[in-house]
Amino acid sequence: MRIGSFVFPTALRLGRRSVRIGLPLFFFVALSTLLAELTLAERQIPLFGRDFRRFHTLDTPIEILAFLSTLLAAQLFLALLLFWALRKLHGRRGRSPLFYFNYLFLVSTAAAAVLAAKFRVLSYFNEAISFQVIRNLGGGSLVQAFLYVIDDATFLFVGLAFAAILYLLLYRAFGLGRADPPAEESPPRPLFRVLLAVAPLVALLLFEADKAGDARAALDRFVAPYLLYAALDEATDFDRDGYSFFSHQRDAYPFDAGRHPFALDIPDNGIDEDGFAGDFHYRGGDDLLPTPSFPGHRKHVVLLVLESTRADALTARWRGVRIAPNLAALAEHGSSAPEAYSHVGFTRDSLKSLFTGRFEPADDRQSLFRDFKRNGYRIGVISGQAEDFGEIASTVGMRKNSDVFIDAKVVQRPGAWDFRRDISLLLDGRTLLREMDRHFGAHESWRQPTFLYVNIQAAHFPYNFPGTPRFIPGPPIPRSEIRFASRLWVARTYWNAVAYGDWVVGQIVARLKALGVYDDTVVVVLGDHGEELFENGYLGHGQVSNRLQTQIPLVFSPAGIALPRPVGLTDLRALILASAGAKLPAVRRRAAVFQYIGTLDRPSSIAMVEPGGIWTWLDLQTEETWSSDGPQRGFFREVPAGSRLRTRADRLVDLWARERWIQQLSFGK
């Protein structure tokens, strides 16, 4: 006797006579999936209270109330919409056991699949709290980020196959194919009327929640509100410019496609396209640097990039002992920049800026690799990371201009083409030294002017890898133990990694001296970005523009090199070429270092650092602005004109508009 021949018909009869099973089933599916998502979210990245993996906190009654009420309303609305759509598809069998089984199975399975993929990603990127951060960590690609975490594409197919087999087994076990449809058709019109009635209320809740502090940021982490925001955003984007009443940045001109948040401000046309600081006035000078010439002697250049190494590595000590004695010695006898900064806290963008002098270059027309190659240099790349990550190598012309190209991908998987794991490939510092000895270990290797780029990954999160030597006593912290309460252990592990990177620098310098080429070589050592170690509650980089996450060490081995204050990564191309003996045209230098979180065209926030380490910030999501040397902060449009804060904020917006316009000009050349 089939189980379904008794259970489902009986339940159906009881439902007709007393309580309908549809309503309890609807609430069960909606609330159970929401509870599962809430539980996983709280476990992976806590919603309430400070945690190093998130920088939006629900810590006021208004935020919490707005978040919970809107989340519940969105979840129930989406569940009801699915219930109505599935019943509509079932037609005459809209009240049959088959419909209830399909609703329970399909919605639950789909929810489980989405949550599994979502939190599998978050379990790896546990320091990331937004899709933009995940995208940047994945080298600009969400696909690469997801494929890295989902180790094999077969994972998806196995899950789908298992779900299909389970469905067929249950379908047969309950005999659902033999159930007779009801005699009368049950059109789901009442459900549709309910959907129409509650839709405006749900939309109003979503609209108001966007104003409640960090409620919107929390809601965007959940499937139902995220999908509804996306749908409402699309529906109210009347001029199809990508902005609406429900986008993160509201569109003040909903029927003018040329005016919206992040619109490119065309200079001197009398229109303020982006709504900030009036019409942009362009004062000329696109800062494009032509291919340089070397009229005299060409020095060797060895560029050493230290992953995630912050500026205070130059002076840091652990129990009285210097963390980076080799870097400190280079700075003492050479030239050191006291105010050097990355523009954006991610390796991909930092390296592109370093090599090209542009914020987001489209190609290698402006590139150190091209510059040196055209001037007869032998070029070598020995990198501890996969340089294809985030299209670094292709964008800056690294691979095509190199005579020697060794990176983590070449060493670990020679000849392979598998982009899924580029983000995770790392080479140990001793492997880098071995490859340097192999390709540049003889005096004959330096007869031709040489440009050698070495990327040292020792301080990459989680700051310890198999074989990492101990410079600071004590075991490294396991990744599973990394949390705010263990911040001292985290710091000790990080500084040990920095010390290892410094040791590699010392070994490279020693090799250059042993070969007799050091005095004719410009050694440049810098960090690609900084790293915060819970000092402000955060861990990592790329989250905010501040000293710990963006200030970097910058040292040139020759003494007497004039390094501007402040200096950004986009200044490095010209500085390196000049130090090697290149003749360069006069280029107007930026008076401040511009920084941003996200992309240059659509950042979530922008900042500038002026001489003396004075910061000015503008959060483009909330439009709040503030400065590091004054207590005043406020909404951009409400800060009094002529005040110190407004003057600086206007200068910051003008700097952003200028960089965007230069970007526009450079793409056309």
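What covers the buried residues of α20? The cover includes β1 (300–306), α12 (347–356), α13 (368–374), β9 (521–527), β12 (554–556) and β13 (567–568), where contact means heavy atoms within 4.5 Å. Helices (H or I, at least four residues) and strands (E, at least two) are DSSP runs, numbered from the N terminus. The model is predicted, so that local features need pLDDT of at least 70 and side-chain atom pairs count only at pLDDT 80 or more, while totals for chains, interfaces and linings use all residues. Residues are numbered from 1 along each chain as its sequence is written, and side-chain values use heavy atoms, with hydrogens and water left out.

Helix α20 spans residues 572–579, and six of its eight residues are buried; buried means under 20% relative accessible area, exposed over 50%, and partly exposed in between (1.4 Å probe, protein chains only). The buried residues of α20 are L572, R573, L575, I576, L577 and S579. After the helix comes G581, with a positive phi near 110°.

One of the elements covering α20 is α12. Ten of the ten residues of α12 are buried, so this helix is largely enclosed by the rest of the structure. Just after α12, G357 has a positive phi of about 75°.

The next topic is the sheet. Seven strands form an open sheet with mixed pairing, in the order β4-β12-β9-β1-β8-β6-β7. Its edge strands, β4 (335–336) and β7 (404–406), each pair on one side only. Two strands count as paired if DSSP finds at least two bridges between them. β1 and β9 run parallel and are joined by seven bridges; within this pair, V302 has V523 of β9 as its bridge partner. Helix α17 (residues 429–440) packs on the sheet, touching β6 (378–383), β7 and β8 (450–456), and its direction makes about 160° with that of β6. α20 also packs on the sheet, where it touches β1, β9 and β12; its direction makes about 15° with that of β12. For these angles, axes are lines fitted to C-alpha atoms, for helices over the stretch in contact, and angles run from 0 to 180 degrees between N-to-C directions.

Six bridges join β15 to β14 (residues 593–598), and the two run antiparallel. They form a hairpin with four residues between them, and G598 stands opposite P603. β15 is also joined by six bridges to β16 (residues 614–619), again antiparallel, with V609 opposite W615. The hairpin of β15 and β16 has three residues between the strands, and G612 takes a positive phi near 90° there.

Some backbone details remain. Most residues other than glycine have a negative phi, and most peptide bonds are trans. The bond joining F461 and P462 is cis, with omega about 5°, and P462 lies in the loop between β8 and α18 (487–515). The bond from R565 to P566 is also cis, with omega near -5°; P566 is in the loop between β12 and β13. A277 has a positive phi near 60°, lies in the loop between α10 (223–235) and β1, and is partly exposed at 35% relative accessible area. R319, with a positive phi of about 55°, lies in the loop between β2 (317–318) and β3 (321–322) and is exposed at 77%.
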